[in-house]
Protein chains: 2
Amino acid sequence: MENFTFCNPTQIEFGKDKEKNIGKYISQNGVKKVLLVYGSKRVIEDGLFDVVIKSLKENGVDFIAFGGVVSNPILGTIQNAIKIAKDEQVDGILSLGGGSVLDSSKAIAVGTLYDVDVWDFFLGKEQIKKALPIFDIITLAATGSEMNGYAVVTNEKTKQKFSIWSPLVYPKVSVINPELQKSVSKEYLVYSATDVIAHTIEGYFTAKVQPKYMSRQVENIIKTVIETTEILIENPDDYSARGEFAWAATNALNGTTTVGTAGFSFPNHLIEHSLSALYNVPHGAGLSVVIPAWAKWYYKQNEAQFIRFAKEIFEKSTALEGIEALESWFNKIGTPTRLNQFGLDKSNISDIIENLSYQNDIEKDDLEKILSNAL
Amino acid sequence: MENFTFCNPTQIEFGKDKEKNIGKYISQNGVKKVLLVYGSKRVIEDGLFDVVIKSLKENGVDFIAFGGVVSNPILGTIQNAIKIAKDEQVDGILSLGGGSVLDSSKAIAVGTLYDVDVWDFFLGKEQIKKALPIFDIITLAATGSEMNGYAVVTNEKTKQKFSIWSPLVYPKVSVINPELQKSVSKEYLVYSATDVIAHTIEGYFTAKVQPKYMSRQVENIIKTVIETTEILIENPDDYSARGEFAWAATNALNGTTTVGTAGFSFPNHLIEHSLSALYNVPHGAGLSVVIPAWAKWYYKQNEAQFIRFAKEIFEKSTALEGIEALESWFNKIGTPTRLNQFGLDKSNISDIIENLSYQNDIEKDDLEKILSNAL
């Protein structure tokens, strides 16, 4: 066990009808006026928007709505929102949607309190020292953003998909009602499943110190995702499976799977971020392409852990069999595993490599090998 | 998954030398003067006390020391401490020791801010609406008190061992340095192992709704405790095992194993609390006597979960084999499994039952059956 600091102060309100209390949660935190950030009109059409407005009004919380956040959220939208948040002098942000809306909300919560361009925080030029309090109702279980301090945003001009992290952007209160997540399409369900698995796999395979306790925690999340995804493909209304899927997603990136580990990295996410920044592929779909390709290149650097994975998750005995079983499972649930499923081929590899984040520490030659595994 | 609220704001500072920063953690929270609560002179003799004083002084935190807290901490000591804390006008409590010292500190943190007798909170006559901030350096991994809002105290006059819970007594910062825990005797190591297992087993076996995700979380903790206890009996200096044991202990009662479950109870703890209140047996030792006895009486009410336990933990196939395997493991590590190991026999059973907490919901006849299983 390596030394660590762990503190996750987010209050989770999990379960049926919890969204009806959102105004109470916000007013309890002393917030008077929120920027209500959302994405598509779906939240209006399905009635969630009205439920939220009613609760805000009942609790004396004023609001100004800001819609139109897209998947792989872009900087321009956030900059527009920050302008409005400043003009309207909101003292909190309420996110209504999935991880893209919430990540945008986090960036808005920071940017509203500064005069510099919010992208400077993503570039590491500025440090986050303050942020408005953030509240959310999460309508897609995937990113884990509802219980962590990360936000990932794409700069649509530079094609960079970068992230920030700060203890100040942990949501104050996150509402997770699995019922609100059942309208998610089958496509986005399986992309989400991949994303959750990816969040845990990164540390599991790359950490130089990996306590067994943490390995089992990760395996629990992966087993839960596999079991519940299969149930939900058959029956999207299975509340119990939806609930366990959602809670596994939250736990996959709330810090509990990596405490005490050391020296881990996010190679699959870094490679995928380049892919989705360039070609706007869904994040989870990009990950299911990258993971098996990366694993086939990487596994010998930590073979014991890959064998452990193969045995625990798929009852296989070798590292490669485990990776292949994961790839087969991705195929089975219907998330892509090859670049050609995005209409990409060998000719795109150099662009993907060129666009890779500055934080990347894999050599160009190796990136080419990895991406070639995905052809 | 049942509806739940989860919020655990305790900051964990885990690892080597973290105790050297305790003054910084306290001053960062705006606290100027602490009551420094400890138990035996061991913390003075082994130098920890001096390390703490140095850090307090360096960070401008004043203190007044209060020693002499015993295992199964008693009300009288706490009442004395509250008087001193009031006289000295401390604005925080620093606990230096194991769960008994920390639980006492929590009661002191509440009592110092009230004029009524602190026992009224344990009796449910008064509600906790304020408490001084609590900091701790935990020197024994067992109770999980370092990351929760529970405190258990014995009223030595009435022989009642009762508990409080409040979000206000979650420690602000808990220091867990596994190195500070290696001087724990083998005896207390195995009692602690039992206590940790007990914390998870209660919900695991009694919950009416038990998501699989939560079952696996519990099994992870139990597997970790079994593996690391065996290593530590052989080699108390194994830092890695000590660290995983400590972190499993913290996680066993920080709320993460019971979220989404419903209708669970703490029958083993309630029965044991009567046992240790009457005969002052170590809590963990009492639990290893009660658990197999209770399980043999109870298992048919939730046989599927007992079979799961048998398979997952001991690779056995029936509920009873699983219970017997657990009992054998208790015997193997050297924690008691029969009342006669405390010098008690059939004649004591009625006294134990008589003394049982008001919260108990098992019939007298059944309690007699359970305790008879422990003869």
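1. Asn8(A) stands opposite Asn8(B), which belongs to strand 1 of chain B. Strand 1 of chain A and strand 1 of chain B (residues 4-14) pair in the antiparallel sense over seven bridges, where strands (E, at least two residues) and helices (H or I, at least four) are DSSP runs numbered from the N terminus, and two strands pair if DSSP finds at least two bridges between them.

2. A word on the basis of this note: the model is predicted, so that local features need pLDDT of at least 70 and side-chain atom pairs count only at pLDDT 80 or more, while totals for chains, interfaces and linings use all residues. Residues are numbered from 1 along each chain as its sequence is written, chains are lettered from A in the order in which they are written, and side-chain values use heavy atoms, with hydrogens and water left out.

3. On the interface, 37 residues of chain A are in contact (heavy atoms within 4.5 Å) with 37 residues of chain B. The area buried between the two chains, meaning the accessible area (1.4 Å probe) that two parts lose on being put together, summed over both, is about 3,200 Å², and carbon and sulfur atoms give 52% of this. Met1(A), Tyr213(A) and Arg216(A) supply 23% of the area that chain A buries against chain B, more than any other three residues.

4. Between chain A and chain B the count is four salt bridges, a salt bridge being a side-chain nitrogen of Lys or Arg within 4 Å of a carboxyl oxygen of Asp or Glu. Arg216(B) and Glu227(A) meet in a salt bridge through their side chains (2.9 Å, N to O), and a network of salt bridges links Lys212(A), Arg216(A) and Glu227(B).

5. Over all chains, a search of the whole structure finds 28 salt bridges. One of them joins the side chains of Arg308(A) and Glu219(A) at 2.6 Å, N to O. Because Arg308(A) lies in helix 12 (residues 303-314) of chain A and Glu219(A) in helix 8 (residues 212-234) of chain A, the pair ties together parts that are 89 residues apart in sequence. Arg308(A) counts as buried at 19% relative accessibility, and Glu219(A) counts as buried at 2%; buried means under 20% relative accessible area, exposed over 50%, and partly exposed in between (1.4 Å probe, protein chains only).

6. In chain B, Lys364(B) forms a salt bridge with Glu354(B), the closest N and O atoms being 3.5 Å apart, and both Lys364(B) and Glu354(B) are exposed.
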